[in-house]
Amino acid sequence: MDPGPTDLGVVDPQQQQQQQQQRRPPSRYESQKRRDWNTFLQYLRSHRPPLSLARCSGAHVIEFLKYLDQFGKTKVHAPGCTYFGHPNPPGPCVCPLKQAWGSLDALVGRLRAAYEENDGLPESNPFGARAVGIYLREVKESQGRARGVPYQKKKTKKKKKRKLLQDTAVGASIADDAAGASIGSSEAGEGSRAPPAGSSPAS
């Protein structure tokens, strides 16, 4: 009886790859995403009345984000504060600490991915709700005004590429028009040029 692949010590490459992935420690992003997901599930269990994931909506997500403000470390000055709009306040104030907009935005992104990884449907994902996006935009703008550091909208590579293509197309059009004008003037010059001496005019 011939020995099989297992008897020869041959390992299936696909199985070996799966074992390596299982032994490989999760990335920092994956670990943080798992912690965020567990925190959100704990929040739902502690909710009064308790809230199931299936009944969770964008409004509940916003409620969760506001709940996290108590653990924030970013000073957000109130409109009546002397340092409102001051990027580098010279002294302390009694304004509350909140979660920074960037932290909330990244958190929602991780939870949105975790929701779908845990068998949630993309169309019913509460973290992708329009209300959540509006809330994050309002937090971004209000914190920018309060801290005197307005967030600048970054141009995406796609927009830059589109603009480059548009500029190239406009440049090519101008070059074509210039070339056409040059050819036209050249033809006009040739047409008006007198025939060489000794030649008979066309009848």
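How closely do the axes of α3 and α5 come, and at what angle do they cross? The axes of these two helices come within 8 Å and cross at roughly 30 degrees, where axes are lines fitted to C-alpha atoms, for helices over the stretch in contact, and angles run from 0 to 180 degrees between N-to-C directions. This is a predicted model, in which local features need pLDDT of at least 70 and side-chain atom pairs count only at pLDDT 80 or more, while totals for chains, interfaces and linings use all residues. Residues are numbered from 1 along each chain as its sequence is written, and side-chain values use heavy atoms, with hydrogens and water left out. Helices (H or I, at least four residues) and strands (E, at least two) are DSSP runs, numbered from the N terminus.

**Packing of α3 with α5**

- The angle between the two axes makes α3 roughly parallel to α5, given that angles under 35 degrees count as roughly parallel, over 145 as roughly antiparallel, 65 to 115 as roughly perpendicular and the rest as oblique.
- The crossing of α3 and α5 is right-handed; a crossing is left-handed if the near helix is turned anticlockwise from the far one by less than a right angle, and right-handed if clockwise.
- On the α3 side, Gly58, Val61, Ile62, Leu65 and Lys66 meet Ala131, Val132, Tyr135 and Leu136 of α5, contact being defined as heavy atoms within 4.5 Å.
- Sorted by class, the contact of α3 with α5 has seven nonpolar, one polar and one charged residues, where Ala, Val, Leu, Ile, Met, Phe, Trp, Tyr, Cys and Pro count as nonpolar, Asp, Glu, Lys and Arg as charged, and the others, Gly among them, as polar.
- Within helix α3 (residues 58-67), the residues Gly58, His60, Val61, Ile62, Phe64 and Leu65 are buried, buried meaning under 20% relative accessible area, exposed over 50% and partly exposed in between (1.4 Å probe, protein chains only).
- The cover over the buried residues of α3 includes α2 (28-46), α4 and α5.

**Packing of α4 with α5**

- Helix α4 (residues 101-117) packs against helix α5 (residues 130-147) at an angle of about 165 degrees, and their axes are 9 Å apart.
- That angle makes α4 roughly antiparallel to α5, and α4 passes α5 in a left-handed crossing.
- The contact is made by Trp101, Leu104, Asp105 and Val108 of α4 together with Val132, Leu136, Val139, Lys140 and Gln143 of α5.
- The residues of this contact of α4 with α5 divide into six nonpolar, one polar and two charged.
- Arg137 lies in helix α5 and, at 46% relative accessibility, counts as partly exposed.
- The C-alpha atoms of Arg137 and Trp101 are separated by 8.6 Å, although the two residues are 36 residues apart along the chain.

**Aromatic pairs**

- A search of the whole structure finds eight aromatic pairs, a pair being two rings of Phe, Tyr or Trp (its six-membered ring) whose centres lie within 6.5 Å, with planes under 30 degrees apart counted as stacked, over 60 as edge-to-face and the rest as tilted.
- Phe40 and Phe127 form an edge-to-face pair, 5.0 Å centre to centre with 65 degrees between the planes.
- This pair links distant parts of the chain, with Phe40 in helix α2 and Phe127 in the loop between α4 and α5, 87 residues apart, and both Phe40 and Phe127 are buried.
- Tyr43 and Phe64 form a tilted pair, 5.1 Å centre to centre with 55 degrees between the planes, which joins helix α2 at Tyr43 to helix α3 at Phe64, 21 residues apart.
- Tyr43 is buried with a relative accessible area of 12%, and Phe64 counts as buried at 1% relative accessibility.
- Ring pairs link Trp37, Phe40, Tyr43, Phe64, Tyr67, Phe71, Tyr115 and Phe127 into a cluster.

- Lys33, found in helix α2, is buried, with a relative accessible area of 4%.
- Leaving aside neighbours within four places in sequence, Lys33 is in contact with Arg110, Ala113, Ala114 and Glu117.

**Backbone features in loops**

- A cis peptide bond, with omega about -5 degrees, joins Arg48 and Pro49, and Pro49 lies in the loop between α2 and α3.
- Asp119 has a positive phi of about 70 degrees although it is not a glycine; Asp119 lies in the loop between α4 and α5 and, at 72% relative accessibility, counts as exposed.
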